[in-house]
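Here are some notes to read alongside the model. Keep the 3D view open and turn it as you go.

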Amino acid sequence: MITTVAIFIPLLGALLVALLPDERRIIQPVALGVAAVPLALVLYIYVAFGSNLDAPALSQSYTWIESLGIGYRVGLDGLGFGMFFLAAFLTLIAVIAAWDVQRNLKQYYAILFLAEVGMLGVFAAQDLILFYVFFELTLIPMYLLVGMWGDENRRPAAIKFFIYTFLGSTIMLGGFLTLGILAGTFALEELTGGGGLGRTAQILIAAPIIFGLAVKVPVVPLHSWLPDVYLSSPISTNVVLSGVLPKLGTIGILKIAIPLLPQGVEPYLPYIAAFGALNIIYGAFAAFMQTDLKALVAYSSIGTLGFILLGAASFNAMGLNGAVLQQVTHGLYSALLFILVGIIAARTGTRRIADMGGLALSMPWVGGLLALGALAAMGLPGLAVFVSEVMSLLGGFDAHPVQGTVAALGVILSAMYFLYMLARTIFGPLRRPEWQGLRDAGPAEMAAIVPPAALLLILGIFPALLVNIQRPAVELVLSVIGGG
Amino acid sequence: MSAGQQLLILAIPVLPALAFFVLALFGRLIGENAQYVAVFVNATAFIFSCFALFLVITDGPISFSVSWIDLGEGGSFSMGVLIDELAAVMIVVVTFVSLMINLYSGAFMEGDSRYAWYFAVLNLFTASMLGLVIAPNFIQLYVFWELVGLCSYLLIGHWFEKPAARDAAQKAFIVTRIGDAALLVGILIFWRATGTTSFAEISQAAQAGFIGGLLLTAALVLVFIGAVGKSAQFPLHVWLPDAMEGPTPVSALIHAATMVAAGVYLVARTYDIFVQSPAAMLIVAYIGGFTALMAATMALVKKDIKRIIAYSTVSQLGYMMMALGIGAYTAGFFHLYNHAFFKALLFLGAGSIIYAMTSYNIFDMGGLKRRMPITFWTMVIAGLSLAGIFPLAGFWSKDLIVAGAFEKHYYILFGMALVTVFLTAFYIFRAIFVAFLGEPRTEAARAAVDPPGVMTVPMVILAALSIGSGWIGTPVADLFGGFVTPSEFAAGVLAIEEHAFSYALAALSVAVGLAGIALAYAMYAPGREHVAESAYRRFRPVHAFLDRRWYIDDLYNATFVRGAMALGVAVREFDRRGLDGAVTGLGRAVSWTGERLRPLQTGGVQNYALFIVISVLALAAVVLGDALILAAGLLVLIILGSIAVGVRL
């Protein structure tokens with residue numbers, strides 16, 4: 001019941017916000033309050049049920065159509081918990097970071113909360129059809145957020161985003177339907193292990209599902225919607241767009257494709273690992289010479305997502321845990337960096353890396369946290385991304401040495417482009433004399449950037465805080481796929 | 001050991017780490033008092049380290065750990081403390097030099113705009129270095145290995161508004177990161193083959209045959225490449241001379257005494273694994289020997305006093321690597337220990353000169369002997385120690401290495417080491433003679449004075465150690481050699497035999513060192529400028545070759561740096577024009593087809609959106625009849641509708 005409440009509270013919140021007068025000083029506190037509720041519930045769940053996520057209080061199961069085995073089934077497990085938390089967390093951050101949304105703030109928040117329903121739902125869904133419904137439920141709000149509040153290129157970007165991911169999810173739905181109808185149920189629990197399907201059937205069904213999810217991640221070369229959308233989005237939308245949305249794809253691989261079709265996914269593993277390595281290397285090289293700071297962060301995001309694929313393809317405890325964790329850590333760092341890019345662009349009036357320089361002199365907090373985010377992204381120990389990357393690498397290398405080696409070389413590339421970026425943005429002499437007086441992050445901005453940075457640090461030092469939660473679920477997956 | 005003792009040992013790295021957080025977060029409040037916090041913390045850590053050393057001497061190695069990530073059968077990582085004889089000496093050296101540097105920095109960095117931040121990072125460095133030294137496994141080592149690299153980056157770039165400092169910091173991080181990536185792959189190989197990252201367990205697994213042959217050599221060479229990056233060995237040495245853009249006390253601590261020695265320490269730490277691959281040992285030995293010689297030649301012609309000392313560091317680290325490679329384990333680590341003191345002192349001496357006259361160029365100096373007597377005499381002591389002149393500290397360890405190469409029949413390495421002794425004595429006394437003797441060449445040099453006491457006291461202490469630190473490892477009473485020894489296993493594999501102290505070899509290496517000093521005097525003593533000038537004219541191409549660092553940096557710039565950038569531009573353009581262009585083209589083709597089929601669809605994406613909502617709704621309403629879902633769906637529809645009305649796309 002708690003889970004259901006957490007998922008649907010934002011829906012009420014959307015209604016509430018929509019009814020309020022369109023004034024920032026009224027709407028923003030209300031929206032903050034609304035966004036805080038799911039987060040508070042998740043934290044309560046963590047404290048009260050951390051070691052016992054399959055407690056009855058957290059799950060619900062109603063059958064809608066007996067004959068087809070479709071039902072409203074939600075519940076939390078170790079695979080989805082981290083992202084369930086992150087979705088609630090980043091929505092709150094996005095609410096705070098909506099300072100660049102100049103018009104129609106209440107519509108903005110209402111749509112953001114609708115998206116939150118979908119995001120939370122995806123990570124809690126225990127039924128294929130329900131998963132799909134929530135999956136699609138995020139699509140329209142995200143499309144609207146980009147299409148209405150984005151910059152001057154927003155319309156083509158939003159349309160591209162919509163068509164790409166709609167196509168992907170439709171193909172995925174085809175796989176879901178085939179699987180569910182052949183197996184006679186759509187409940188994840190009953191489908192685990194293949195739902196009685198043979199190897200060939202599993203292989204055939206796995207293909208469209210993986211493909212559909214790959215568009216969402218996105219996996220190179222299906223990523224060409226991403227730069228346009230990320231570049232056009234308002235900063236606040238970027239937070240959820242980069243922090244949560246890609247994980248709709250990866251959670252599908254980790255929570256659906258692998259446990260439901262273990263024999264079907266298995267032949268694809270070397271390729272999934274290879275695409276993971278490709279993402280890492282391609283993303284890094286594409287980021288390397290970007291002239292736009294936001295584009296650099298966008299491509300870096302594509303790169304680090306590759307570690308999730310690599311870990312997922314390992315089929316061992318180390319790699320799978322790394323992949324599950326990387327979903328969260330990637331979200332933290334990318335959200336942090338996008339907000340900082342937004343702050344810098346707003347202050348200096350440019351996103352061109354070549355036009356910046358010396359920003360840490362006038363904005364030590366903004367510059368310092370940009371450095372922290374960049375260092376996190378390049379996998380520096382002490383910050384959470386390192387833990388998940390190294391676990392993904394250890395597991396991935398164990399199963400696929402060649403792909404693992406290529407992926408490991410990515411740590412050189414990410415260091416290169418991030419340091420190159422830092423040197424030209426925050427370090428060096430102050431580029432323009434009038435930037436001497438640039439205001440450092442204000443209270444609202446600090447409230448948006450300090451929490452993700454702090455979480456990166458806390459999880460970097462104490463990764464067991466999340467790893468212990470996800471470990472039993474990963475062990476369950478391992479027992480299904482018979483790996484070790 | 002008792003819980004109290006464990007707590008005390010844990011405090012050694014944790015205290016500086018806490019100091020980092022306090023200074024980083026509350027630096028503005030603490031202001032000038034940052035140095036007192038730092039000195040207090042470092043002094044405490046030093047005292048505790050001495051206590052740890054005492055415990056190791058009396059009770060043997062200290063070892064305990066806590067779980068960090070635990071996946072049960074899937075593997076687990078711990079963060080632990082392993083203080084054996086090797087680590088015990090190392091933590092004492094690290095905390096001691098760190099204390100000296102924190103003292104010295106208080107005055108040197110006075111008035112700096114990021115004073116508290118400087119001390120914050122310096123303490124983070126000390127904490128990370130200690131975490132590295134006490135690591136019992138590769139994962140913990142890697143964590144702190146990267147963190148010391150981060151501190152190095154931040155401290156080289158402390159004056160980041162200077163483009164040279166900014167670029168040097170970036171270069172240092174990227175070049176060492178190449179080594180780190182190799183180290184990481186090495187760790188991956190060990191993990192895959194043995195399922196563990198603990199040094200001891202990997203060694204046992206290798207002995208049991210779980211990893212061996214070419215794979216073991218490959219893994220070790222990869223680990224060694226990590227060490228090559230950190231310890232600035234050829235071919236990844238290029239970052240260290242540039243790193244001299246950082247504040248000089250930083251150069252003394254990080255780029256002379258401690259962090260750059262981490263590569264040597266890594267090889268020593270994993271020695272039981274290394275000895276199982278003779279090929280890997282040979283590579284270590286020859287890379288070390290070659291680097292020692294190469295860097296010494298580069299130091300011959302430099303004018304910047306810090307760069308001369310930096311090349312000297314690269315060269316001396318080469319000695320240590322060579323020693324480990326040829327099986328002279330104790331000698332290699334003994335040299336690391338002695339080097340820490342005299343090299344830190346050389347940097348602090350350079351720092352006082354810079355403090356006095358803000359120039360790094362030795363030809364801007366001159367006549368400093370009279371103006372800065374303390375600096376002069378301490379520098380001479382450090383120089384003699386570096387040159388390996390009896391009976392100073394450097395002599396004892398350097399002699400062990402040179403003699404070791406001879407006795408183990410590595411005659412090529414012996415020859416290289418001996419030439420390096422000559423070059424070392426020459427370049428360091430060239431710098432000392434030019435800077436301190438004769439008449440001041442500039443106004444600044446004329447006005448130079450010794451720095452305040454808070455800076456000279458650490459220099460005098462280090463000078464005393466530069467003379468005496470080696471006396472615990474003399475043939476009369478070889479305390480050091482009896483304490484830090486290779487494990488029984490390693491000694492067995494290497495078939496180490498006792499060699500009596502060779503007076504002939506010792507005399508030879510001292511004679512060669514004195515010859516180097518004599519040549520430096522003949523060329524650079526006051527009034528002999530014409531000798532150096534004519535030598536320069538005669539050997540101009542050689543001079544250019546050395547001064548351009550053997551053209552290695554130029555080669556890297558022309559190939560790797562340019563290549564990576566070109567590839568970056570290529571991928572960027574491919575992504576935007578090639579890939580995205582293709583997708584857009586495909587989209588156009590589809591929409592062209594769509595035009596033909598116009599009657600079938602209405603166009604806008606909003607309609608698709610509406611279609612999804614309505615169909616989900618319809619599905620819920622018709623098939624499921626669930627009132628709740630219907631209500632929720634309607635709500636969605638109403639909100640979307642109101643928004644669509646409220647805002648026009």
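Predicted model: local features only at pLDDT ≥ 70, side-chain atom pairs only at ≥ 80, totals over all residues.

1. Start with chain B as a whole. Chain B contains 29 helices and two strands. Along its principal axes, the C-alpha trace of chain B spans about 100 × 60 × 50 Å. Of the 649 residues in chain B, 54% are buried. Now think about which parts of the sequence meet: among the contacts in chain B between residues at least 6 apart in sequence, 79% join residues at least 24 apart.

2. Next, find the two strands. In chain B, strand β1 (residues 62–70) and strand β2 (residues 76–83) run antiparallel, and eight bridges join them. To see the pairing at one position, look for B:S67, which stands opposite B:S78 in β2(B). The hairpin has five residues between the strands, and here B:G72 takes a positive phi near 60°.

3. Why is α6(B) described as largely enclosed by the rest of the structure? The reason is that 26 of its 32 residues are buried.

4. Now look at where the two chains touch. On the chain A side 65 residues take part, in contact with 59 residues of chain B. Which helix gives the largest share of the side of chain A that touches chain B? That is helix α19 (residues 401–425) of chain A, with 12 residues. By type, the residues on this side of chain A divide into 48 nonpolar, 13 polar and four charged.

5. Finally, turn to chain A. An unreviewed UniProt entry annotates residues 125–410 of chain A as "domain: NADH:quinone oxidoreductase/Mrp antiporter transmembrane". Over residues 125–410 the chain is 79% helix and 0% strand, with the end C-alpha atoms 34 Å apart.

6. One more helix for practice is α13 of chain A, residues 269–288. Its 20 residues reach 28 Å from first C-alpha to last, close to the 28 Å expected at 1.5 Å a residue. Because 15 of the 20 residues of α13(A) are buried, this helix is largely enclosed by the rest of the structure.

Key
Residues numbered from 1 in each chain as written. Chains lettered and ligands numbered in written order. Pairing = 2+ DSSP bridges. Helix = DSSP H or I, 4+ residues; strand = E, 2+ residues; numbered from the N terminus. Contact = placed C-beta atoms within 7 Å. Nonpolar A, V, L, I, M, F, W, Y, C, P; charged D, E, K, R; others polar. Buried ≥ 20, exposed ≤ 12 C-beta atoms within 10 Å, placed from the backbone. UniProt positions renumbered as here; feature names shortened; annotations may be inferred. Expected span 1.5 Å × (residues − 1).
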